[in-house]
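Here is a short report on a predicted model. Read it with the structure open beside you.

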Amino acid sequence: MVLVEQSLNGFQFGLLLFLLAAGLTLVFGIMDFVNLAHGSLYMMGAYFAATFTAWTGSFILGVLLALGATLLLGIVLEFVALRHLYGRDHLDQVLATFGLILFFNDAVRLIWGPAGLALPLPAWLTVPVQIIPGVYYPAYRLSIIIVALAVAALLYVVVMRTKIGMLIRAGASNREMIGALGINIKLLFTLVFGLGAALAGLAGLMQAPILTVQIGMGENILILAFVIIVIGGIGSIRGAFLAAIFVGMIDTLGRAFLPDLLRMVLSSAAASTAAPALSSMLIYLLMAIVLVVRPEGLFPAAKR
Amino acid sequence: MKLQINTSNVVVALVAAGLLLLPLYSQLTGNIFILTLFTRIIIFALAAASLNLIMGYGGMMSFGHAAYLGIGGYAVGILAFEGIGSGFIQWPVALVASALYALVIGALSLRTRGVYFIMITLAFAQMAYYIASGMSRYGGDDGLTIYKRSNFGGLIDLSNRVQFYYLCLGCLFGGIYLIWRIINSRFGLVVQGIRSNEQRMQAIGYHANRYRLVCFVISGTICGLAGALLANNTDFISPAGMYWTRSGELMVMVVFGGMGSLFGPVIGTIFFLLLEELLSQFTEYWALIMGPLLLLIVLFARGGIMGLLGRFNRG
Amino acid sequence: MKKTFWLAGAMALALAQPALGADSIKIGFVSTFSGPTAAIGNDMRNSFELALDHLGRKMDGKPVEVIYEDDGQKPDVGKQKTEKLIQSDKVDFIVGYIWSNVLLASLKTAVDAKTFLISANAGPSQLAGELCSPYVFSTSWQNDQTPQAMGTYMNQKGVKSVFLIGPNYAAGKDMLAGVKSTFKGQVVGEEYTVWPSQLDFSAELTKAKNSKAESIFVFYPGAAGVQFLNQYAQAGIKAQIPLYTAFTIDELSLPLQKENALGVPGAQQWVNDLPNPENKKFVEDYRKKYPNLRPTFYGAQSYDAANLINSAVVAVKGDTTKKDAMKAEMEKANFKSVRGPFKYGKNHIPIQNFYLQDVVKDADGQLALKTVATIVKDSQDGFHDKCPMK
């Protein structure tokens, strides 16, 4: 029973990470663009949602407005600054978007103050529900699972079954080709970036009620998202999905069961010091192992 | 190597002379703090120079260089804590530990390329960070205070501000001289050749990854030296100095100054740390200026400050 | 080219700040004013400024000059700022320090320079024990004291078993060890989470729920406290297992925790409604001067720090070179603290009362912290024996 519940925790955490990683891997895979500011868009999504919810008094309305606002912000950002960085060195992109992180964090502090915001849930989402007899699960976490799975399915349909999806796939595997086909690349890129931004915003506002809205909330989780897309193989949505679930599971189950496992082989005192250090390293260890064995991730999108 | 008189060389010479004469200025004006500030800048410049060796000349974007600062520092701190105060033991241990760490993670990381390399070096540095945080005997997350600086007999007194300053400056100039010798040696030319065209160098019979690995280890060792200096400078070592943001800052210093330019990292570090110090005195919102500045430098000033100075010669 | 030199010149000038008139009392204040925890630093600064207002911005007739420096929550930056304040600004006192690791990094600089350092928050065990110094005073507590009080309260309530959760860093371990040292019931589980990057506590909450413990104790300062409380409430455990806390609910986190914090007890040496006139004045004037904000214990400690300094300056009639006399005066804790009277141990850590605080709705219908009871009187830290000072 505990195992079921902990697995569900891991699954849900993985899906949460997928929302963030999906946008990142899209932008990375198609434009070959490393966007550290993805974490800032995630933060902006949460701040927008908290602000709009407070204004309108409706959680759903606030969320929808916030999604639109992040989409718009992403498009503006791409248009003003980031499109000049396509085709540049990855290092340049990392540094420029690192600068954007600094900027966004301080801009948020200037506008909303340093204390952070609250995004309270409507009452119907705060109750635990019984999923199987004897196992209760928070309704909101359940709704995250549903929304994330829906987004994953939608992305799958868009990428595999539509013309835009075809171009996206073509772009991920061979950038020159779509140019040769006479497609307006600039427009496609702006569109994809906006989509990625909206996904980041969605991830941010979905997590906000669980993790609070605060400055710098994007940074810790951004590193996790990068770990996921690197494990999954850059540019691969399927890879990001599987890697996200994998990382979520490993992280949660590691924290849940590692201390007890270690206690079986080590003394109790040694185990309780070693376990947290080990479980915090687990994800990085996983990434290092994956990269040593498969230097291009588990599901490389393209052979370059 | 013919020494040319051009803007960048003049600036480099002026900066070097300024650094040499700084203690004099500090004595004359009674401004001790400027010496303290520049000691720290010089140590970070050495770390940035070591990163420049693999980033600028070797084409390896390491996002985990802060780990060496930590390893070098912890070698000094742990030995001091265990009662071994001699610098003749502490410093070699710091260098060897950094070199060994670089050897192991280099051998594993160099299987990957590009962004994957950036991420795997980050992963290893994060692991080092968590290991340091877990060492409860040595203060864990709170860090470790170093009560006595490394003892070099009567040779040099590290607690004397001016002597320590000149030691750091000596290490910086020595490090840069070493890097200059390396990049102009046959070995260095091969490494740079691999960076611009790996397949060709492989084809003429060079084992690219072995050259890369040696370069990676040298860089890590120099950065470990910077770590030992930094621990002595702050009398303190903590995992916070190994966090990934510190690795990012080192990259920014290199790029500010100009990647692949011998003195670029020194200029970049001075610029970055002074700007940070000054902006934070004027406003708490210094990142609001620093962030866009970084973006602008990347967009419009490729080659950093040294690149800008180079343009004066052409223009 | 000229521009480069101009810039260099400007930098040199700005770094070589002229020493101001020696006839003022100079105080350096190191805290966190940027990044996610800037709200704490702001509250400390607000309270310190308020204390100076109340003193007429003068100490023994001399004007007071305060220089605020931001440590960015990084130990090496904090150390550098401390050096700047001592070497360049030549301050008479240095105050602040939220974080244990920043304080420990900066300590040696201040002690070596024989500059008085007053910790207005951080209380690592070393400071109370082997690193105690004639030049270092605390207006806060030692880390273990607060959770020890909580453990005592849980005994008083007859709690039989507890599940402990805290972040895996030094203060986190101190906190859990503190509870264990006084709690007489059974500790059925102890979980450490990754600090500061772990955001999701579902695995730990599930374990706590299944452990059949009678209670849960947590220590999560700042935003992590908000996250933990949100998740604790959403998981529906709040109705099943009561929560006890230390440093998890304060006036900064409460507006974000909202109803989730209702009825969750905590222990503290200061609460906003402590019934002494100094405290009333502090809280009322704070809310007047900074509308929409409420003072926290961080602020109260900073307010006390200003008054502690004032007592020393007055005792030597403004002659801050008389360090021994100032030390002797400060050891008496001869000022009106907003927490009520307290004494100093020989290690310069307060011997003080700890109170039980609860979250209630106040007269305006807003959530507020309220003193419920005194848990322990005159609590002294457990490390004073290790302090070599007499």
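## Two loop residues with positive phi

C:Y97 sits in the loop between β4 (93-96) and α4 of chain C. Helices (H or I, at least four residues) and strands (E, at least two) are DSSP runs, numbered from the N terminus. Phi of C:Y97 is near 70°, a positive value in a residue other than glycine. Most residues other than glycine have a negative phi. Is C:Y97 buried or exposed? C:Y97 is buried, because 31 other C-beta atoms lie within 10 Å. A residue is buried if 20 or more other C-beta atoms lie within 10 Å of its own, exposed if 12 or fewer, and partly exposed in between, with C-beta atoms placed from the backbone.

C:F247 also belongs to a loop, the one between β10 (243-246) and α10 (254-257) of chain C. C:F247 is not a glycine, yet its phi is positive, at about 55°. C:F247 has 21 C-beta neighbours inside 10 Å, so it counts as buried.

## A lysine in another loop

C:K336 lies in the loop between α13 (323-331) and β12 (343-344) of chain C. It has 14 C-beta neighbours inside 10 Å, so it counts as partly exposed. Which residues does C:K336 touch, not counting residues up to four places away in sequence? They are C:E278 and C:N307. Such a contact means that the C-beta atoms of two residues, placed from the backbone, lie within 7 Å. C:K336 and C:D304 are 32 residues apart in sequence, and their C-alpha atoms are 8.1 Å apart in space.

## Chain C as a whole

Chain C has 13 helices and 14 strands. Its radius of gyration is 21 Å, close to the 21 Å that the globule rule gives for 390 residues, so chain C is as compact as a globular protein of that length. The radius is taken over C-alpha atoms, and the globule rule is 2.2 Å times the number of residues to the power 0.38. Along its principal axes, the C-alpha trace of chain C spans about 65 × 55 × 45 Å.

Of the 390 residues in chain C, 59% are buried. Take the contacts in chain C between residues at least 6 apart in sequence: 71% of them join residues at least 24 apart.

## Where chain C meets chain B

Here 25 residues of chain C are in contact with 27 residues of chain B. On the chain C side, α1 (2-15), α3 (75-88) and α4 (100-112) each give two or more residues. The largest share, eight residues, comes from α3(C). By class, this side of chain C has 12 nonpolar, six polar and seven charged residues. Ala, Val, Leu, Ile, Met, Phe, Trp, Tyr, Cys and Pro count as nonpolar, Asp, Glu, Lys and Arg as charged, and the others, Gly among them, as polar.

## Two helices of chain B

Helix α4 (residues 87-109) and helix α9 (residues 208-234) of chain B pack at an angle of about 145°, with their axes 8 Å apart. Axes are lines fitted to C-alpha atoms, for helices over the stretch in contact, and angles run from 0 to 180 degrees between N-to-C directions. Among the residues that meet are B:W91 and B:Y101 in α4(B), and B:F216 and B:G220 in α9(B). By class, this contact has 15 nonpolar, seven polar and no charged residues.

How confident is the predictor in chain B, and what is its mean pLDDT? The mean is 91, and 97% of the residues of chain B reach 70 or more. pLDDT is the predictor's confidence in each residue, from 0 to 100. Where pLDDT is low, the predicted coordinates should not be read in detail.

Chain A has 11 helices and two strands. Its radius of gyration is 20 Å, close to the 19 Å that the globule rule gives for 304 residues, so chain A is as compact as a globular protein of that length. Of its 304 residues, 54% count as buried.

The contact takes 33 residues from chain B and 33 residues from chain A. On the chain B side, α5 (114-134), α10 (244-257) and α12 (287-300) each supply at least two residues. α5(B) gives the most, with 13 residues. By class, this side of chain B has 24 nonpolar, eight polar and one charged residues.

## How to read the numbers

Residues are numbered from 1 along each chain as its sequence is written, while chains are lettered from A and ligands numbered from 1 in the order in which they are written. In this predicted model, local features need pLDDT of at least 70 and side-chain atom pairs count only at pLDDT 80 or more, while totals for chains, interfaces and linings use all residues.
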